[in-house]
Amino acid sequence: MNYLVGAFKPPCNIFISFTDGRSRKQVPLKKENGKTVMVALFQSQENIVGEVVIEPIHGKKVEHNGVKIELLGQIELYFDRGNFYDFTSLVRELDVPGELYERKTYPFEFSTVEMPYESYNGVNVRLRYILKVTISRNYVSNIVEYQDFVVRNYTPPPSINNSIKMEVGIEDCLHIEFEYSKSKYHLKDVIIGKIYFLLVRIKLKNMELEIRCRESTGSGPNTYVETETLAKFELMDGAPVRGESIPIRLFLSPYELTPTYRNINNKFSVKYYLNLVLVDEEDRRYFKQQEITMYRNLEAS
Amino acid sequence: MLNGTEDEEKWLAEGIAGIQHNAFYMHRALDSNNLREALKYSAQMLSELRTSKLSPHKYYELYMRAFDELKRLELFFKDDSKHGVSVVDLYELVQHAGNILPRLYLLCTVGSIYIKSKEAPAKEVLKDLVEMCRGVQHPIRGLFLRSYLAQISRDKLPDIGSEYEGDADTVMDAVDFVLQNFTEMNKLWVRMQHQGPGGVREKREKERSELQDLVGKNLHVLSQIEGVDLEMYKETVLPRVLEQVVNCKDDLAQYYLMDCIIQVFPDEYHLQTLETLLGACPQLQPTVDVKTVLSRLMDRLSNYAASSADVLPEFLQVEAFSKLSNAIGKVIEAQLDMPAVGAITLYVSLLTFTLRVHPDRLDHVDQVLGACVKKLSNIPKLEDSRAMKQVVALLSAPLEKYNDIVTALTLSNYPRVMDHLDIGTNKLMAMVIIQSIMKNNSCISTADKVEVLFELIKGLIKDIDGADVDELDEEDFKEEQNSVARLIHMLYNDEPEEMLKIICIVRKHTMVGGPKRLPFTVSSLVFSALRAANGCDIEHVAYEFFTQAFLLYEEEIADSKAQVTAIHLIIGTLQRMNVFGVENRDTLTHKATGYSARLLKKADQCRAVYACSHLFWVDDQDGIKDGERVLLCLKRALRIANAAQQMANVARGSGGPVSLFVEILNKYIYFFEKGNKQITSSAIQGLIELINTEMQSDSTNPDSVADAFLASTLRYIQFQKQKGGVMGEKFESIKL
């Protein structure tokens with residue numbers, strides 16, 4: 001309905017800006033239309049301060065039933081189109097009902113806003129934060145303007161970060177022992193490790209390490225799981241013999257990763273896995289998948 | 001349908017095209033300083049090296065193309081003003097590549113710059129590189145990748161005196177790095193034997209040997225590291241290299257690497273680590289050609305010993321001989337099925353070694369021969385011709401070294417080795433021995449040695465059981481027997497008693513020679529005996545010899561040519577005899593001149609008679625000097641020559657041999673010079689005039705030989721005249 005109004009040209013322009021907009025870090029955000037725009041970056045507990053400017057066109061008069069600004073945190077499930085779940089909703093009234101004749105500026109402030117979840121743009125789900133300005137009107141539709149922003153939350157390095165070590169194999173065919181130095185990685189981290197071949201009776205061709213991202217949305221019977229392989233990194237070329245140990249060094253920085261999200265507002269989860277894949281000469285694949293926890297680290301970002 | 005080679009050509013062409021294509025875009029990126037694109041296209045270019053379809057040979061071609069491109073890329077990486085990225089970041093950036101092979105080639109390339117930049121210690125970077133390269137386990141690709149690593153790191157090792165040298169003991173890091181790369185490369189190389197497409201073993205081994213130098217190169221690098229001194233070589237380098245060599249359990253690798261170690265490291269290192277090096281030999285696979293390895297080692301050490309006398313004490317100090325000898329023993333013991341030729345080749349090398357290093361140690365030589373005998377005695381019959389050749393080499397070596405058979409005769413094992421030769425080779429060796437004696441003019445002067453000598457050459461002395469007599473080549477046989485005859489003259493001692501023993505031994509051996517050999521050998525024996533008799537003052541024995549000789553002459557020799565030869569022999573022998581009293585001597589000389597004058601042809605008579613003149617003039621201190629009878633002989637010779645001349649005139653209307661006169665003239669001059677008073681200058685003058693007249697007479701045919709003979713004789717007289725002194729005065733009165 002809002003869009004219909006746009007066809008008729010809105011009687012005013014609305015600008016939303018942040019007070020510290022010039023100094024604040026901007027990050028890219030992919031919009032619905034596929035375009036990427038730069039938007040302001042916030043984290044939880046920050047004050048979101050700014051102003052809204054309403055500018056009627058050509059001295060036109062805008063009659064309204066009040067002006068408000070909302071800060072919304074929404075989860076949008078694509079299979080459930082049109083339904084947004086607002087997990088955060090804050091409102092500030094900017095103006096009482098009346099008429100606007102000329103450009104008017106409204107400062108606003110949301111103090112220490114709880115934004116526990118990060119902005120996320122997945123396959124089946126989107127979590128986004130918006131500022132929404134609404135000019136309520138009688139008889140005609142409201143005039144609405146949105147401003148996206150991105151939230152990222154940083155976690156300190158985990159106090160416990162055990163290595164992942166495991167011995168796996170197929171009896172009498174292949175026994176390997178692998179080790180990743182940590183189970184928790186920040187987004188620009190390096191995965192260090194090694195694979196030790198205890199028994200090799202099959203003709204291997206190569207070995208790779210995959211980073212897989214598993215996004216699950218919904219719950220119960222309506223759970224949708226989407227798994228995406230974000231990285232395929234060849235670790236070994238050729239066939240090793242017993243006793244060989246192959247080093248792993250995988251830099252995570254080139255890949256677009258997010259922190260691990262567990263059960264965000266009971267709507268979705270995003271988990272990461274390292275998948276070690278061995279391929280034999282007949283292109284049979286032997287693999288072992290291990291979950292790793294991703295976190296956002298302030299220093300490294 | 002393409003066959004294998006054509007397929008390969010096609011794949012290679014495709015690979016090269018792929019490299020060129022991506023290199024083109026890479027160059028464009030380099031020219032526009034676009035790092036991201038440069039990385040992208042270089043990685044794509046290097047992806048061509050991921051092929052499994054090429055043989056090592058073709059793969060090398062592809063590798064070299066990529067290698068050249070990487071050099072350009074390196075120049076770009078080096079210049080951070082072009083791409084604005086620090087080398088540390090670059091080192092991370094190239095590791096983002098998803099495929100391991102391009103990633104590691106790029107990493108090595110940046111690593112090389114990283115070391116050069118000195119932003120990190122060389123050893124850290126090298127360690128990281130060599131460790132990361134483990135990811136490539138494919139033999140051919142791995143070998144070439146590591147060979148690239150070796151190539152780019154060669155000049156960046158933290159060696160002593162290198163600009164990359166760190167604080168403490170960084171040579172060790174350099175050595176560790178090279179050793180590790182070497183070990184990994186060798187493992188990959190060995191693995192080729194067991195992996196890869198199924199093919200015939202020969203083909204695979206051929207392919208592997210094409211790659212051997214990639215592996216060996218590491219050893220070469222090690223040998224070039226300044227900091228690898230003897231101590232480090234002994235404590236670290238050699239043990240670790242050998243550990244890899246032994247543990248890889250691959251015959252091709254073991255053979256190549258052992259040889260490589262021997263060739264690349266300095267001689268003195270080998271000498272000081274002989275025990276370790278030799279200790280590895282018995283641990284090698286039984287199929288490894290250890291004998292060649294050891295032979296080469298000994299050859300090297302022999303040459304080293306020969307290079308300078310200063311190094312010889314080192315050899316003694318480390319007891320090189322006994323170590324080598326032990327090692328050879330162990331190898332031969334361990335490798336039961338080693339062919340005889342192998343074992344003997346080893347002994348030849350050891351012998352050469354000891355002859356060069358310890359020429360004074362005959363016991364070593366004998367020890368080697370003894371060991372060889374032991375080995376040979378386990379072989380029923382030596383039929384391998386190559387083995388036979390080696391035995392001959394073994395036996396010839398001491399002869400050549402000492403130039404003296406007498407030395408060889410003291411070697412107790414020498415004849416025992418000869419026993420193992422087949423008949424033909426045995427004869428050959430006997431000939432070698434005789435020739436050695438002749439060449440060096442060695443006199444064998446004790447009965448014991450003569451006995452040993454005849455034992456050695458018995459193949460020539462008598463028929464050996466089982467020899468095929470029909471096979472004998474007549475000429476060879478003659479030559480052999482003539483050599484034996486000559487040899488007998490070399491067996492001599494001034495002591496009559498010892499000489500008698502020698503003669504007895506020679507007689508004992510030659511008498512069993514059979515009718516074919518005796519004609520050759522007996523005359524030598526007789527002469528030898530006669531010489532002994534002469535030397536011992538046993539007149540009656542000597543007289544008996546001559547009596548028998550004359551009897552034989554009269555009764556057995558009918559052929560006129562044989563008579564001529566025989567009479568000259570008799571005259572020559574008699575002339576050397578000084579044992580006879582006046583009476584016996586007169587009898588014998590009378591007989592000899594008599595036979596001379598009765599030869600069939602005038603010319604032969606003439607020559608025999610003037611030869612007889614020497615029987616009356618022995619140019620020794622107390623030899624007989626009967627000038628009158630000399631003159632008588634010469635005059636008689638002249639008369640015969642005259643008669644011959646006249647006979648020729650009558651018979652053919654032409655002149656006879658003027659040369660006879662010239663020959664007699666020479667005798668005149670000889671005795672004139674020796675001071676025979678009966679020969680006067682006027683007699684010589686007369687003779688010359690006579691000859692001139694003869695020459696100019698119409699009836700004489702021009703004879704260029706006689707002319708030349710006369711001319712040189714006259715020239716000689718002229719020379720003596722001009723020389724002055726006593727001789728000049730003597731010749732003064734002769735007018736020419």
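**View 1. The largest nonpolar core of the predicted model**. This core holds 189 residues. Ile261(B) and Tyr414(B) have the most contacts inside it. Helix H18 of chain B, residues 340–357, supplies the largest share of the core, 12 residues. In general, nonpolar side chains of soluble globular proteins tend to be buried together.

**View 2. Surroundings of Ile261(B)**. Which residues does Ile261(B) touch, leaving out those up to four places away in sequence? Its partners are Leu219(B), Tyr233(B), Leu238(B), Val241(B), Leu242(B), Val245(B), His270(B) and Leu277(B).

**View 3. Another core, of 72 residues**.

View 4. Tyr105(B) belongs to helix H6 (residues 100–117) and Tyr148(B) to helix H8 (residues 139–153), both of chain B, so the pair ties together parts that are 43 residues apart in sequence. Tyr105(B) and Tyr148(B) are both buried.

**View 5. The pair Tyr233(B) and Phe265(B)**. The ring centres lie 4.7 Å apart, with the planes at 50°, so this pair is tilted. Tyr233(B) sits in helix H11 (residues 230–248) of chain B. Phe265(B) sits in the loop between helix H12 (251–264) and helix H13 (267–272) of chain B. The pair therefore ties together parts that are 32 residues apart in sequence. Are these two residues buried or exposed? Tyr233(B) is buried, as is Phe265(B). Tyr233(B) is also one of the residues that Ile261(B) touches.

**View 6. An aromatic cluster in chain B**. One cluster is formed by Tyr59(B), Tyr60(B), Tyr63(B), Phe67(B), Tyr105(B), Phe144(B) and Tyr148(B).

**View 7. Charges over rings**. Arg208(B) lies over the face of Trp189(B), 4.7 Å from the ring centre. Lys730(B) has its charged end over the ring of Phe672(B), at 5.0 Å from the centre of that ring.

**View 8. Domains of chain B**. Chain B is divided into domain 1 (1–120), domain 2 (122–265), domain 3 (266–403) and domain 4 (636–735). Taken over C-alpha atoms, the centres of domain 2 and domain 4 of chain B are separated by 87 Å.

Terms used
Residues are numbered from 1 along each chain as its sequence is written. Chains are lettered from A and ligands numbered from 1 in the order in which they are written. This is a predicted model: local features need pLDDT of at least 70, side-chain atom pairs count only at pLDDT 80 or more; totals for chains, interfaces and linings use all residues. Side-chain values use heavy atoms; hydrogens and water are left out. A nonpolar core is a set of buried Ala, Val, Leu, Ile, Met, Phe, Trp, Tyr and Cys residues joined through side-chain atoms within 4.5 Å. Buried means under 20% relative accessible area, exposed over 50%, partly exposed in between (1.4 Å probe, protein chains only). Helices (H or I, at least four residues) and strands (E, at least two) are DSSP runs, numbered from the N terminus. Contact means heavy atoms within 4.5 Å. Domain bounds come from an automatic or database domain assignment. Rings of Phe, Tyr and Trp (its six-membered ring) pair if their centres lie within 6.5 Å; planes under 30 degrees apart count as stacked, over 60 as edge-to-face and the rest as tilted. A charge sits over a ring if NZ of Lys or CZ of Arg is within 6 Å of the ring centre and within 35 degrees of the ring normal.
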